[in-house]
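Here is a guided walk through a structure. Please keep the sequence and the 3D view at hand while reading.

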Amino acid sequence: MAEITLIIDGQEVTAEQGKTLLEVAREIGKDIPTICFHEATTANALCRICVVEVEGQRVLQPACIVKAGAGMKVQTRSEKVVRARRTILEMLQSTMDLSDAPEIQQMMVEYGADANRFPGAERRESEVIDDNPMYVRDYSKCLLCWRCVQVCADDAQYTFAINFDGRGFETQIGTFFDKAIPETSCVLCGQCVGVCPTGALKPKREYLLEQGMTPQEIGVLNTGRKQRKQR
Amino acid sequence: MIKADRVVSTTCPYCGVGCNLMLHVKDEHVFKVTTPFDGPVNHGNLCVKGRFGYDYIYHPKRVTTPLMRKTPQKAGERTQAFDRSEWHEVTWDEALDYTADRLVEIYKRDGSDAMAVYCCAKATNEDNYLLQKMYRAIFRTNNVDHCTRLCHAGSVVALQQATGSSAMSNTASQVIQNDVFIVTGSNTSENHPIIALQMKEAVQKHGAKMIVVDPRRIDLVDMAELWLPLKPGTNVPVFTAMAYVIVEENLVNHDFIDDRTEGYTEFLSTLETFTPEYAEEISGVPAEDIRKAARLYAKADKAAIYWGMGISQLSHGTASALALINLAFLTGHIGREGTGLNPLRGQNNVQGASDMGSMPFHYPGYMRVDNPDNRAKWERAWNIEEGGLSLKLGLTTTEILGHAHEGGIRALYIMGENPMMSEPNLNETRKHMQQLEFLVAQDIFINESAAFADVFFPATPFAEKDGTFSNTDRRVQRVRAAHAPRGQARPDWQIICDLAKRLESRLGVASAYWDYSHPEEVLREMGNVNPDYAGITYDRIDKIGLIYPVPSMEHPGTPTLFTETFPRGRGKFHPLEYVPVREEADDEYPFILTTGRLLEHWHGGTMTRNSVLNDAYPEARVEIHPADAEIHGIRNGDPVKVQSRRGEIVVRATVTEKTTVGVVFLPWHFHEAAANLLTNDVLDPQAKIPEFKACAVQVFPAREDDLARPDVVVNRGRY
């Protein structure tokens, strides 16, 4: 494998050709935050929190997909980078529910993000969808990172039960024809739950416990359809 | 958001893939399961059972107190007691003392041949090792078996005969290295979901070509290069016709045959009749497709075969598996990475339970019981006088119940198994169960078999005990308790040791040793005699499991078997003849019934029918092809009666092209419509495996009222 040399935050780095800036930076211990990026899914640079400044490039570059190039001069924490990340966090906070995303809350603190920067922003509100026995979907907490869609598709499961639905601000993850999950091709594997970074997808049991039910009450709930109907 | 008190790493209790699980515990209660993305087995993926199907642990019907029947049970009049009101709650001492008294009484009166035990492919290696040790060392009998008999016995016997080994030759993660692979008799997407993902990845991302040979149009067919829809039970002609083509077109690997095998000439002389046209006539698979499949497989650089119970669960299951083995020998697709003969084992620990000697012909490590040298090894290990252990081959699972009568088996101990769901021809099984004089059940629920018992020992599920499971690709992995046992439940290994000590003191015999303080000591005792496990310690498998054989403490494990030689020396070709299934379709019973499993359920249903999984798939459905359905006036969702010469059930029909014309499919998980009431209890002569995969049935329209649960309708969109 050919090797290249580049400069990250003033430090000369030798790296394998073909690696992304994120991979190379992490190898030398640089802390580049990520939200939509996941080791098990194809990177798509959707959230832009991992942007870095590359000398000679007009705009900030998403480190998760941009390949390290010979002679690149990269800054991972320039003022421009920090401002961009802070703004991304503030926009997320203003439109969605981050209560189940402690890592993002931690980033808010680290980047000094102002939770009230956009006080009049329209929030993405959604009812909790409880349509199957295994997991619930709360799209108020969804930041459209695409991981769930990817693992349901050819990053893992090849089931293709969910996709983006709607356009622009109305975009939401959904099923085809808005069918209930059990009636789709979903196999209830929960790969989507496993990669959700914000608790928008959550195991039903965990959700019920959070709602204040006791394990005993959940046990009774799960003893079969008949008992459920009687409740 | 719930913050876990602790996160416990363990191994999934469902199928043989052996996925790594992280159990998130809060207030002594597992509330979530995740899996590490860098895990060596499943790479961050799980199926519905592994991720969500653990809640049976907390089901209100789980038994956590020792129980004894209120009404004393007598041979011939034994009844089932599902209701707790028919049982006394007793102390562990009462239950163990009573059991020891009864077992010793029967043993002293009727001797070793009256005693039998079912070990358990769900339990740990340590549990299984101890239970077979108890029966062999104390009762001096080899009447020890478990459900391996009902799933892969045909494959095990065939592999033993042809190679001298009996496990997957390569690991499942090598699927992505295959250039061509055959999947046969395995609905991998539902029964080994994570291996199916790797198969799909091999096709989609690594350019592999997949050949599916199966009577059902299973999910994998979508990505297959070729689908050979054979009639159930026609494996031998189809695969031997492939061998015919490989020889006819000189695609054989002569070097491999010369250097590594024997019996090739005899094999060739029997090949003549197996032309693809002959196979087409019998199996319905177009001769041209058989030729294509043979060429694809033989010409590939690396090709492998993965198979399931569609090969082994037949009255000629051993021959079916041998037909696959012959193909690998002809082409040399064995002994290298990305090749191999790979029976996908069903249960989480069926490989391990077999390794532990939970079988009537073998001690741990597949040492034949009729070999005095092997006997001497275990006599030394168990502190037994010379010549004390039995050289007599024991009875198999189905034979044990078949011998439940005066002068035969009188006392049976069942750990975790459910023969009243898993045996063929259940009406017969019921009669046999009734004939037992004494029955002990060690389980977590009063299932259909435990309901017949005199004594119930409440054991622990996987999340409440420590030990090891050995998965389908021979990887020995840790099982760890997430929390203490519920109620008075106890880990199986402790129950067995306590009972064994009581038995020894009543019989006044020297102790075979039962004072273990931790399961790790049990594994060490076994590994000291069984060379495959000699180098496995809990320390070494703390993070990542080791793939046996691990002959020494420094050995890194053996992902690929047979690289230099076969355990028996040369691989042996086996000439085969075509023997039809015992019961073919006729005018009276015009359909062939084949049985199998569903993604959401597990075997006899003890776990999954008591889980949220049952909400996801609450009823049995019979699959029937649209062409057949139309002739019989059956619409999708209609209640139908499925009848064989042995029994009948009423279920709803699913009209689907997932099955083929003339073949109907039933899952066997549902006690209210048990598929095994219909199946044929004829056995393979060598492996003694029953013919679950083919029997003749008729299908009639029925009424809603005839259904066991007319109010329950499954409504799923998945394939």
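Helices and strands in this text are DSSP runs numbered from the N terminus, a helix having at least four residues and a strand at least two. In those terms, B:Lys26 sits in the loop that joins β2 (20-25) to β3 of chain B. The model shown is a predicted one.

Once its neighbours within four places in sequence are left aside, B:Lys26 is in contact with B:Ile2, B:Ala4, B:Asp5 and B:Phe31. B:Tyr98 is 72 residues away along the chain, and its C-alpha atom is separated from that of B:Lys26 by 38 Å.

A second residue of chain B is B:Arg609, which is placed in the loop between β23 (591-596) and α22. Is B:Arg609 buried or exposed? B:Arg609 is buried, because 23 other C-beta atoms lie within 10 Å and 20 or more are enough for that class. Apart from neighbours within four places in sequence, B:Arg609 has contacts with B:Asn614 and B:His669. In sequence B:Arg609 and B:His669 are 60 residues apart, while their C-alpha atoms are 8.1 Å apart in space.

Next come the domains of chain B. The assignment gives domain 1 (6-58), domain 2 (67-147 + 350-547), domain 3 (153-343) and domain 4 (591-706). Domain 1 and domain 3 of chain B have C-alpha centres 32 Å apart. Their contact takes 7 residues from domain 1 of chain B and 7 residues from domain 3 of chain B. On the side of domain 1 of chain B that touches domain 3 of chain B, 4 residues are nonpolar, 3 are polar and none is charged.

Two helix pairs in chain B show how helices pack here. In one pair, helix α5 (residues 153-162) and helix α14 (residues 317-331) of chain B have axes 8 Å apart and pack at an angle of about 50°. α5(B) and α14(B) are therefore oblique to each other, and their crossing is right-handed. From α5(B) the contact draws on B:Ala153, B:Gly154, B:Ser155, B:Val157, B:Ala158, B:Leu159 and B:Ala162, and from α14(B) on B:Gly317, B:Thr318, B:Ser320, B:Ala321, B:Leu322 and B:Ile325. By class, the contact of α5(B) with α14(B) has 8 nonpolar residues, 5 polar residues and no charged ones.

In the other pair, helix α2 (residues 92-110) and helix α20 (residues 492-507) of chain B have axes that come within 9 Å and cross at roughly 50°. That angle makes α2(B) oblique to α20(B). The crossing of α2(B) and α20(B) is right-handed. B:Leu96, B:Asp97, B:Thr99, B:Ala100, B:Leu103 and B:Val104 are the residues of α2(B) in this contact, and they meet B:Asp498, B:Leu499, B:Arg502, B:Leu503, B:Arg506 and B:Leu507 of α20(B). The contact of α2(B) with α20(B) divides into 7 nonpolar, 1 polar and 4 charged residues.

Chain A is the next subject. Chain A contains 8 helices and 10 strands, and its C-alpha atoms fill a box of roughly 70 × 45 × 35 Å along the principal axes. Of its 231 residues, 42% count as buried. Among contacts in chain A between residues at least 6 apart in sequence, 58% join residues at least 24 apart.

The division of chain A is into domain 1 (1-123) and domain 2 (128-230). The centres of these two domains of chain A, taken over C-alpha atoms, are separated by 28 Å.

Where do the two chains meet? The contact involves 35 residues of chain B and 35 residues of chain A. On the side of chain B, the elements that give two or more residues are β3 (30-34), α1 (48-52), α7 (193-206) and α22 (613-616). The largest share of that side, 4 residues, comes from α7(B). By class, the side of chain B that touches chain A has 18 nonpolar, 10 polar and 7 charged residues.

Methods
Residues numbered from 1 in each chain as written. Chains lettered and ligands numbered in written order. Predicted model: local features only at pLDDT ≥ 70, side-chain atom pairs only at ≥ 80, totals over all residues. Domains from an automatic or database assignment. Contact = placed C-beta atoms within 7 Å. Nonpolar A, V, L, I, M, F, W, Y, C, P; charged D, E, K, R; others polar. Buried ≥ 20, exposed ≤ 12 C-beta atoms within 10 Å, placed from the backbone. Axes fitted to C-alpha atoms, helices over the stretch in contact; angles between N-to-C directions. Parallel < 35°, antiparallel > 145°, perpendicular 65-115°, else oblique. Left-handed = near helix turned anticlockwise from the far one by under 90°.
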